[in-house]
Amino acid sequence: MKEFIEGSFAVAEIVKLCKPGVISAYPITPQTHIVEELAQMVSDGKLNAQFVNVESEHSAASVVLGAVAAGVRAYTATSSQGLFYMAEVVFNIAGLRLPLVLTCANRAISAPINIWNDQQDSVSLRDAGWIQLYAEDVQEAVDLHLIGYRISEDKSMMLPVMVCMDGFILTHGIETVDIPTQEQVDKFLPAYRPLYKLDPQDPITIGPLVDPDAYMETRFAIQKTLDEALGLIPKVTAEFSKVFGRNYNGLIEEYRVKDAERVIVAMGSVCGTVKEVVDELRAKGKKVGLLKVTSYRPFPAQVIYEALKNTPKVAVLDRALSLGSYAPLAVEIKAAFFGKKKKPEVISSFVVGLGGRDITKDSIKEVLRLLTAKEKSCEFIDLKPELLKESYE
Amino acid sequence: MNKHLFNVGHTACAGCGQSLAARLVIDASGPNTIVVNNTGCLEVFSTKYPESAWEVPWIHSLFENAAAVASGVEAALKYLGKKDGINVIAQGGDGGTADIGLQALSGMLERGHDILYVCYDNEAYMNTGAQRSGLTPFSSNTSTSPIGTQSIGNIRPKKPMPEIVLAHGIPYVATASVGFVQDLQRKVKKAHSIKGPKYIQIHVPCPLGWRHESARTIEIGKLAVETGLYPLIEYEFGKLLAVRQIQPKPVEEYLKAQGRFKHLLNNPDAIKQIQDIADSNILKYNLKAQPSQTSSSRQANE
């Protein structure tokens, strides 16, 4: 049913429909509305779940870890410092091969403290062994949660999924969203059946000490599984499309890319703005396009190569940095073409929208203006020169 | 043959107090128990892949989160309607409990989860080579509170963990010692019979870290209790229910058996300070047996 609804509440609705038995979270802006709404649903008897109010994000992640290990579907959500505080557990959940969906309401990292949106938090945890999916709008965020549980709990995966949605822009934005029915969700997402669980009838040891004789194989196994996820994700989204009628590739989305001379690559809500600019410029006869990366982990390098191998100029937008090096998404886009015969003449890298700085249509047009034959690396857009004049003499 | 739920063949050191205590705890708990273990010696020596000493479902996640993982296990069992009849134990060493894991433990206690938390107190970070923890006793010579020309070892007394957990208003708090086996197992069984969060802190001598002969673990465990340095106490619903009464022995008897205190033996001032700690425990908990009471324990209800 279509509802005009805030992003956080829409996510809470879909999480409820996925029937987690245990929910645990610690408050952090801009994640709070999601878990507040879920807590209300539990209080009102509309959601049969144990809601565990913990004393930290570290414990929130640990509680859901324990719940999944005991055989129950679980859910948590966080942002920014909260994600970093649970980072140790985030890696641990993947290492233990426990399926889970976590919402990251993307927010900048301190210092300076800043509650607004960029993607430094989840991007920094790209090496944790999770599947990371980035939503463009609230509808996609809702759908990725449902798709996320399906992928995560697939017997060939048994890995956690992080659904990343831009803080405030999507969490607090109000959109018309199609919330599926319980029957539809139940049909698409069967009850969680763990491969292994903590059960006195069949005692097993989970999380033993693994020495050099076997540790490397555990990491290889995750790497291989994430590689296989590149095949599973489009399969699941195709099935999703059959039930719900919305089409996602799950790995990337190509928007007017086919004949484009210039393509912008981006993740998250900024893709909506880029699409508007693309449409405006296309109306004026300019051949521009957007390649949206939905799956940042696993990184669909081959699919991106196929999509952009004939594009002359590519601009990559990053809402995060690897301070002291290149912008993270740009590095991987470039790597996708390394050593290939067919590749863009130019892949320029732009840093946009850190700490909630608005990315306007003008920002996107500025990126396109700077996308020339001269390749740019980590070019900051919308910097304020007047704030950079301080002298230390 | 007695079937244990914690098998032989693990790789603990000879005379390890923790391995014995862990076996006593799980045997007293029974097979319908799920164990959540912090990182530490016990996890390392009992689960080196592909072997495991555990005959019950057992999980290890990280150093400081056993209390939180156990909270999730308990919440899942509640959701499944299976909590009644299954004991959940969270356990770790003194560092994983009183230092890095204190926040998670406090959260678990405050939220009222039906879990028994067991702290195996060997009074330092033994898994990494005997570094000082919040439960290291006064003047102990550890690798990060070493003796030197300016130091007689650890300058602080033990963090009062039983009082800290008691302040959470939980229904059961006890200390135990691997030197008093029946008392330890009785306390574990009693804890499981009470709903809500329970805490038992077990004193477990560590031959390697304390530098004592491995055959003397039980004897040294007993001496800690009998000198008044490790009072065995039991609180139910906030009330002190029982203490193990003693005919107090001088603390030197306990100190002289261990390399970690060897430097004190010609330092009467330091020994006096340690004797003061014991005397203050004896007074506080009324540990001294009356001449007529030669039996070693006073139980309110037994």
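Which residue of strand 2 of chain B does Ile206(A) stand opposite?

## Strand pairing between the chains

Ile206(A) stands opposite Ile59(B) in strand 2 of chain B. Strand 9 of chain A and strand 2 (residues 58–60) of chain B run parallel and are joined by two bridges; strands pair if DSSP finds at least two bridges between them. Strands (E, at least two residues) and helices (H or I, at least four) are DSSP runs, numbered from the N terminus.

## Basis of the model

This is a predicted model, in which local features need pLDDT of at least 70 and side-chain atom pairs count only at pLDDT 80 or more, while totals for chains, interfaces and linings use all residues. Residues are numbered from 1 along each chain as its sequence is written, and chains are lettered from A and ligands numbered from 1 in the order in which they are written.

## The side of chain A that touches chain B

In total, 37 residues of chain A are in contact with 39 residues of chain B (contact: C-beta atoms, placed from the backbone, within 7 Å). Helix 3 of chain A gives the most to this side, with nine residues.

## Helices 1 and 7 of chain A

The axes of helix 1 (residues 7–17) and helix 7 (residues 138–152) of chain A cross at roughly 25 degrees and come within 9 Å. Axes are lines fitted to C-alpha atoms, for helices over the stretch in contact, and angles run from 0 to 180 degrees between N-to-C directions. Helix 1 of chain A is therefore roughly parallel to helix 7 of chain A (angles under 35 degrees). Among the residues that make the contact are Ala10(A) of helix 1 and His145(A) of helix 7.

Terms used:
Parallel < 35°, antiparallel > 145°, perpendicular 65-115°, else oblique. Contact = placed C-beta atoms within 7 Å.
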